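Subject: Model handover

Hi,

Here is the model I said I would pass on. Please have it open while you read; my notes follow below it.

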Amino acid sequence: MSKDFYEILGVSKDASDAEIKKAYRKMAHKYHPDKDGGDEAKFKEVNEAYQTLSDSTKRAQYDQFGQTFNGATGGSSTSGGGFGGFDFSNFGQATGGQGFEFNFGGGAEDIFSEMFGGGRRGGRRGRDIQVDVEIDFFEVIKGTIKEISVYKSVECSRCNGTGGEPGAKEETCKTCGGSGHVQKTMQTILGTIAQQIVCNDCNGKGKTFDKKCSKCKGVGHYREEVKESVDIPAGINDGQSIAISGKGEIGQNGAPAGDLIVTVHVKSDNRFVRDGYDIRTTSHINFAQAALGDKIDVETVDGIVKMKVPAGTQSGEIYKIRGKGVPKLRGIGRGDHLVEIIVDVPTKLSRKERKIIEQLKDLQ
Ligand SMILES: [Zn+2]
Ligand SMILES: [Zn+2]
């Protein structure tokens, strides 16, 4: 059972971004664990709610699906090889030994620095990564799990992100004195401006090791191809996105990772056309079937279904096969399958057919 994020923040479902931010600020202040009467569990809950409701993609997803998605299975790492189509090498480059800052997401971060005077140490939340995935019509009907390859920064598996060779001796960084930041002053026409930048020697960790990790050269992370499984629910629409929490770029110094935003594209099908939760097809019958009525075979996503065409059916009439449409994303049930009947007029007649139709003409 997922939590009601609106209830947690005490706002209505149609609250504006400003109202959500205001409510979050109030709640975060009330429950902050550093304060008297703070409540860490509540504080976490409030944060979780805000992370979702302050992000338009995640909020839309939450409104629609009643949850945000977590990876179907944990990401497994592979090194190199067979990586197709996704290149995010321009995102947050982790150049060896260089301090880098993520300037993305983390609306909560801004509020924190406003509230507590930037007292929160550590890094910024990782960037979101957006990928596209294509599925076919039948995957929309059944739902599917897609494995996608994402090229992103991950925590070093050798040193678990510390940057030190296993067994190396840890010491406080001499350059920054353990703060992870150094002040850089710049002379400008407005005077001297002091800027805080990430310490190059410890990459913001505040600690160095007598021996740097041989795999990541002491950075604590590196970029590689990671396979992620994405659970795509039945009924999803072309162009809809799924946000998978924490599967984006790694955060800085223990800050949360960004999200993986998967935008789903649905290949068109030459038999079935989607119309909301209904599926439309056309079926051709001949003049005699239309006049006398018949039972015809209709191809649905569940296979062939026998459908009755009543006597006197006109071309363009639409008949409904209940419950053979697209599954509803939220809640239960499915749309219907709608069959448009086309009555074919013969273009070539045998001698016998011609005679019969001429007799029919004389009768009318
Ligand atoms: Zn390492
Ligand atoms: Zn340092």
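A quick definition to start with: a polar contact here is a pair of N or O atoms within 3.5 Å, where within protein one must be able to donate a hydrogen and the other to accept it, and residues adjacent in sequence count only if both atoms are side-chain atoms. One of these, at 2.7 Å, joins the side chains of S12 and D14.

Before the rest, the conventions. This is a predicted model, in which local features need pLDDT of at least 70 and side-chain atom pairs count only at pLDDT 80 or more, while totals for chains, interfaces and linings use all residues. Residues are numbered from 1 along each chain as its sequence is written, chains are lettered from A and ligands numbered from 1 in the order in which they are written, and side-chain values use heavy atoms, with hydrogens and water left out.

Overall picture

The protein has eight helices and 16 strands (DSSP runs numbered from the N terminus: H or I of at least four residues for helices, E of at least two for strands). Of its 364 residues, 39% are buried (buried is under 20% relative accessible area, exposed over 50%, partly exposed in between, with a 1.4 Å probe and protein chains only). Among contacts with a separation of 6 or more, 66% are between residues 24 or more positions apart (contact means heavy atoms within 4.5 Å).

The helical end

Back to S12: this serine is in the loop between α1 and α2, and it counts as partly exposed because its relative accessibility is 39%.

Then look at α4, residues 56–65, where K58, R59, Q61, Y62 and F65 are buried. Viewed down the axis of α4, these buried residues fall within an arc of 165 degrees, so they line one face of the helix (the arc is that of the directions from the helix axis to the C-beta atoms). They pack against α1 (5–9), α2 (17–31), α3 (40–53) and β9 (241–244). At the start of α4, a side-chain oxygen of D55 comes to within 3.0 Å of the backbone nitrogen of T57. Just after the helix, G66 has a positive phi of about 75 degrees.

Which residues hold the zinc ion that is ligand 1? The donors are the SG atoms of C156, C159, C213 and C216, at 2.3 Å (donors are N, O and S atoms within 2.8 Å of the metal, or 3.2 Å for Na, K and Ca; water is not among the atoms, so sites may look incomplete). The angles among these four donor atoms are 105 to 117 degrees, and the site is tetrahedral (for four donors, that is all angles between 85 and 135 degrees). The spacing in sequence is C-x2-C-x53-C-x2-C. Distant parts of the chain are linked here: C156 sits in the loop between β3 (144–155) and β4 (170–172), and C213, 57 residues apart from it, in the loop between β7 (207–209) and β8 (221–232). C156 is buried at 1% relative accessible area, and C213 is buried at 1%.

For ligand 2, the zinc ion is coordinated by SG of C173, C176, C199 and C202 at 2.2 to 2.3 Å. This site is tetrahedral, with angles of 103 to 115 degrees, and the donor spacing is C-x2-C-x22-C-x2-C. C176, in the loop between β4 and β5 (181–188), and C202, in the loop between β6 (191–198) and β7, are 26 residues apart. Both are buried.

Around β12

In a regular strand, side chains alternate between the two faces of the sheet. In β12 (278–286), the covered face has I279, T281, S283 and I285, and the uncovered one D278, R280, T282, H284 and N286.

β12 pairs with β11 (273–275) in the antiparallel sense over three bridges (strands pair if DSSP finds at least two bridges between them), with V273 partnered by R280. The two form a hairpin with two residues between them, and G276 in the turn has a positive phi of about 65 degrees. β12 also runs parallel to β16 (337–344), joined by eight bridges, where T282 stands opposite E340.

Is S283 buried or exposed? It is buried, with a relative accessible area of 10%. Leaving out residues up to four places away in sequence, S283 touches I296, V298, V339, E340, I341 and I342. I296 in turn stands opposite M307 in β14; β13 (294–300) and β14 (303–309) pair antiparallel over seven bridges, and a hairpin joins them through two residues.

Cheers

Technical notes: Tetrahedral: all angles 85-135°; square planar, octahedral: opposite > 155°, others 65-115°.
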